[in-house]
Amino acid sequence: MSTLVLLLVTGVGLGALYFLVASGLSLIYGLMGVLNFAHGSFLTLGAYAGWEVSRRMSDGSWLSLVLSLVVGAAVGALVAIATELLLIRRLYERHVEQVLVTVGLALATVALFDGIWGTDAVYVSGPAWLDETSGVLGAQIPHDRFLLIGVAVAVLLGIVAFLRFTRFGLVIRAGVENRSMVTALGIDVRMAFTVVFAIGGAAAGIGGVLASQYFGYVSPQLGASLLIFAFIVTVIGGLGSLLGAAIASLAVAVLQQLANFYASGTGDLVVVLLLAAVLLVRPSGLMGARA
Amino acid sequence: MSTRPVLVVRGLTARIAGQQVLEDVSLEVPARGVTALLGRNGVGKTSTLKALMGLIERSGTIELDGEPVDRLATHKVVQRGVGYVPEDREVFGSLTVAENLRLAERSGGRGGRHGVSPERRELVGDLFPDIIDRSSQRAGTLSGGQQQMVALARALLNENRLLLVDEPTKGLSPRLVGEVTDALEKAAQVVPVLLVEQNLTVARRLAGDAVVLDGGRVVHAGPAADLLDDESRVVALLGVGGEPGQSQSQHQSQHQSQDQSQDQSQHQSQQHDTAEATS
């Protein structure tokens, strides 16, 4: 029982990380039809930025962690905005080229991170509380899981509120459904493109800082390793659906944890099988709009 | 001012996915009343409106109140004062009626935050009390007729120089055809309308002028009454009719039968319509 609880909570924590990456992917694809393979780089850069902050501050304070998260989010957002304005926008409506340019950017930035921070992982430490555990239903749960879950829930609620209560949010929701009609109402939908890239980049940057706390290190490959699962989550949840991404993040991560423990490390395989099953039964994903 | 046409189109060509859909469209829309854009299925009526909006690749000259708009992106064309009511309504189904309308509100000049005047709100409220009552309902759950009202309301909220309205009565029951026609008649008192309409009864009631397309070209232009009262020309140009009233009843019954299956097969019919528009 206690093992199961630990696996479930760890799965939900990992799901929180997946969600932070997948939310941006899903919004960007839903609105613009762009599969952003550079999204992992936003995460990695956010993680390094957070690490740079924490090593300059007195290591291990809460203030340092909060500041890392803020800086990680800001760096993620700025790089995402630059990507959209300088690369994606120039290839408006040319989806193959857009995919190619994001793949190229992902490869190039990993090499850049190698050059700046070295190919070896840099180790990250946070507040001591995160390394402690608490008993939950007989299981000893490391506190970092709670941080991941708490921040991801806050990000989810923040994005939902943004989409529901702001004019940009209204434009984004309408654009996900029918982009050309949004322009036919006199709205420059490209503004919304930049905004979703900023939101996605900020969420990925936060995800990077949290991932570095969870794994205990940052490496140039950090983003790419999470991006694969985030893409799977996005497809399972339904491209363009934020809620679908949230649900699929939890399902994928929990399943992965359970399979890794109970089925001798087959977590990744099970996730791919789940993806195949969803694609066969519901090709548009759990909450996808169109078939 | 009043004699100058609001829209002058010269040599408009357009393509969809590399295929030429408009060969050479030249037309003028007077600054008042309804101008009907008529023709058989697939002659380029919807494509003409889409090309004017910049929604499909086009070339040629388009002047709105004497200013060229043929090189502008769609949203800029709209901001110059063109309201668009597309063929399949294209309301945002996951948004509420109120959100659909809010999205359509354009910020006007430097004056207010929104360009929507109290008079316009009142006009929309008077014309479409039904949908105002359903403000908080998701537009996707409305009937076809109500969705059409939302689509018209979106265009009427703003001060436009011209409305482009594409088959507003398609798929509606005779009662709703009447309501939509009434609304268009009132709308046309405040803004000129270029109207694509298959229902010749509606066209006859609303239109002052008519332009007929065939094969992506204009084949006739003139007063609507002259054309629609001349049965032989109606048959020759529009390929309908034969006996008095037949064209109307044919269309009516077609619309009616579509309406009955409307709710179940809305998506299906939209796909069909899209295919028709691009063919």
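In which sense do strand 2 and strand 3 of chain A pair, and over how many bridges? Strand 2 (residues 133-136) and strand 3 (residues 139-142) of chain A are antiparallel partners over four bridges, where pairing requires at least two DSSP bridges between the strands. A:Val136 stands opposite A:Ala139 of strand 3. Two residues lie between the strands of this hairpin, and A:Leu137 takes a positive phi near 50 degrees.

The model is predicted: local features need pLDDT of at least 70 and side-chain atom pairs pLDDT 80 or more, while totals for chains, interfaces and linings use all residues. Residues are numbered from 1 along each chain as its sequence is written, and chains are lettered from A and ligands numbered from 1 in the order written.

Helices (H or I, at least four residues) and strands (E, at least two) are DSSP runs numbered from the N terminus.

| Helix of chain A | Residues |
|---|---|
| Helix 6 | 167-177 |
| Helix 7 | 179-183 |
| Helix 9 | 222-237 |
| Helix 10 | 242-262 |
| Helix 11 | 267-281 |

In helix 11 of chain A, A:Gly267, A:Val271 and A:Val278 are buried (20 or more other C-beta atoms within 10 Å of the residue's own, placed from the backbone; exposed means 12 or fewer, partly exposed in between). They cover an arc of only 45 degrees around the axis, which puts them on the same side of helix 11 of chain A; the arc is that of the directions from the helix axis to the C-beta atoms. On the other side, A:Val272, A:Ala276, A:Ala277 and A:Leu280 are exposed.

Between the chains, 14 residues of chain A are in contact with 19 residues of chain B (C-beta atoms, placed from the backbone, within 7 Å). Helix 6 of chain A supplies the largest share of the side of chain A that touches chain B, five residues.

Terms used: The expected span of a helix is 1.5 Å times one less than its number of residues. Two residues are in contact if their C-beta atoms, placed from the backbone, lie within 7 Å.
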